[in-house]
Amino acid sequence: MRPTIGQYPATRFRRLRKSDALRRLSQENALSVNDLIWPIFVREGENISEPVSSMPGVSRLSVNLVVKAAEEAAELGIPAICIFPYTDPDKRTEDCAEAWNPDNIANRAIRAVKAAVPEMAIMTDVALDPYNANGHDGFVQDGIIVNDETVEALVKMTLAQADAGADIIGPSDMMDGRIGAMRLALEMSGHKDVAILSYAAKYASAFYGPFRDAVGAGSRLVGDKKTYQMNPANADEAMRLIERDLTEGADMVMVKPGLPYLDICRRAKDTFGAPTYAYQVSGEYAMIMAAAENGWIDGEKIMLESLMAFRRAGCDGVLTYFAPRVARILQDKA
Ligand code: PBG
């Protein structure tokens, strides 16, 4: 019998899956070292690497070891690192003044990395939580997280980071109006080439738990972040936020967390076509590591599969704690 063209058996999708060669030839997306931003935690001291217990394989590093990590990242071809501070407890205050101190631990790390590895792009975190006595991203007045006063502080923080040599400012605070205020301040202070990667669609998520341990903000946090971070039930709002941030001068936008919000990544890329990033956050990392350490999953395969999912969803890059590990694997394959 003559097969009908246009349907089985003429159409067999398995033909292109039959060998590694054909699978590679018909592969739609690829993961490259160029897609990686490596978040690194910095703390005081010298030669200190202090493990974060809820994030196996991740440590808080003293500045000299952050420099070593940046050198390692550069050798692996990772284009960018993102620096997050663990601030000493006595420098966490209600007025958050340490946040815009030119010599705070994050700014010292930025300077040290820029001096040692000038080709490395350095991204920062702009939010008050690592410096705030109450663990919030904004100032708290009478139990309210106040917007406009916080934006003024975030601008000071941004300028201190840009002065230290940051290439990409990463506002993770979710206050309204911050991107426009930062962009204006950067333009007016001779930092017109500093990029802003806005945490545009950042959800009030329980997936940040291990990170809050890492920066020491979790145990301090009074209440929750639901008055500024997004409701996980919303998607249209994410598009409006991304549009707003791009209009206010963001060069790149982020969706956070990552894997549970891939629908938002895809919509963001399709709608705006802007450079779009996802943050595979601490809880996502911790879940994969915990299951792998128990022998329940193949950690390496799931790491690669999860990162490919971001590419498939339209992301140009991913912030991931797996960055050096995946870069090593990609290098060995090349
Ligand atoms: C703080 C900030 C958070 C993360 C990045 N910047 C935590 C939060 O908003 O509470 C989370 C990163 C992660 O979980 O890996 N503004």
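Visitor: Which residues is T87 in contact with, leaving aside its neighbours within four places in sequence?
Guide: R92, E98, P130 and Y131. Contact means heavy atoms within 4.5 Å. This is a predicted model, where local features need pLDDT of at least 70, side-chain atom pairs count only at pLDDT 80 or more, and totals for chains, interfaces and linings use all residues. Residues are numbered from 1 along each chain as its sequence is written, and side-chain values use heavy atoms, with hydrogens and water left out.

Visitor: Where is T87?
Guide: T87 sits in the loop between β4 and α3. Helices (H or I, at least four residues) and strands (E, at least two) are DSSP runs, numbered from the N terminus.

Visitor: Is T87 buried or exposed?
Guide: Buried, at a relative accessible area of 2%. The cut-offs: buried is under 20% relative accessible area, exposed is over 50%, partly exposed is in between (1.4 Å probe, protein chains only).

Visitor: What does the T87 side chain reach?
Guide: The backbone oxygen of P130, at 2.9 Å. That is a polar contact: a pair of N or O atoms within 3.5 Å; within protein, one must be able to donate a hydrogen and the other to accept it, and residues adjacent in sequence count only if both atoms are side-chain atoms.

Visitor: On to α3. How many residues does it have?
Guide: Twelve, residues 105-116. Helix α3 reaches 17 Å from its first C-alpha to its last, close to the 16 Å expected at 1.5 Å a residue. The expected span is 1.5 Å times one less than the number of residues.

Visitor: Which of its residues are buried?
Guide: I105, A106, N107, A109, I110 and V113.

Visitor: Why would residues three or four places apart point the same way?
Guide: Because an α-helix has 3.6 residues a turn.

Visitor: What covers the buried residues of α3?
Guide: The cover includes β1 (36-43), α2 (63-76), β4 (80-85), β5 (121-123) and α4 (147-164).

Visitor: And what happens at the start of α3?
Guide: A side-chain oxygen of N104 comes to within 3.2 Å of the backbone nitrogen of A106.

Visitor: New topic. How many salt bridges does the structure hold?
Guide: There are 19. A salt bridge here is a side-chain nitrogen of Lys or Arg within 4 Å of a carboxyl oxygen of Asp or Glu.

Visitor: Which residue does R108 meet in a salt bridge?
Guide: E44, at 2.7 Å, N to O. The pair links distant parts of the chain, 64 residues apart: R108 is in helix α3, and E44 is in the loop between β1 and β2 (49-51). R108 is partly exposed at 30% relative accessible area. E44 is partly exposed too, at 21%.

Visitor: What about R111?
Guide: R111 forms a salt bridge with D103, with the closest N and O atoms 3.7 Å apart. R111 is partly exposed at 33% relative accessibility, and D103 is partly exposed at 46%.

Visitor: D173 and R178: buried or exposed?
Guide: Both are buried. D173 and R178 form a salt bridge, with the closest N and O atoms 3.0 Å apart. Salt bridges that share partners join D173, D176, R178, R244 and D245 into one network.

Visitor: Where does D245 lie?
Guide: In helix α7 (residues 236-248). D245 is buried, at 0% relative accessibility. Its side chain has a polar contact of 2.4 Å with that of S198, and one of 2.7 Å with that of R244.

Visitor: How far is D245 from I179 in space?
Guide: They are 6.2 Å apart, C-alpha to C-alpha, and 66 residues apart in sequence.

Visitor: Now the ligand. Which residues come nearest?
Guide: K202, R212, K256, S282 and Y321, of the 18 residues around the ligand. A residue is near if one of its heavy atoms lies within 4 Å.

Visitor: Which polar side-chain atoms lie by ligand oxygens?
Guide: Among them, a polar atom of K225 lies 2.7 Å from a ligand oxygen. For Q229 the distance is 2.9 Å, and for S282 it is 2.7 Å. Taken alone, the ligand exposes 400 Å², and the protein buries 100% of that. Those areas come from the Shrake-Rupley method with a 1.4 Å probe; for residues, only the protein chains shown count as cover.

Visitor: What kind of peptide bond joins K256 and P257?
Guide: A cis one, with omega about -5°. P257 is in the loop between β10 (252-256) and α8 (262-272). The bond from Y8 to P9 is also cis, with omega near 10°.
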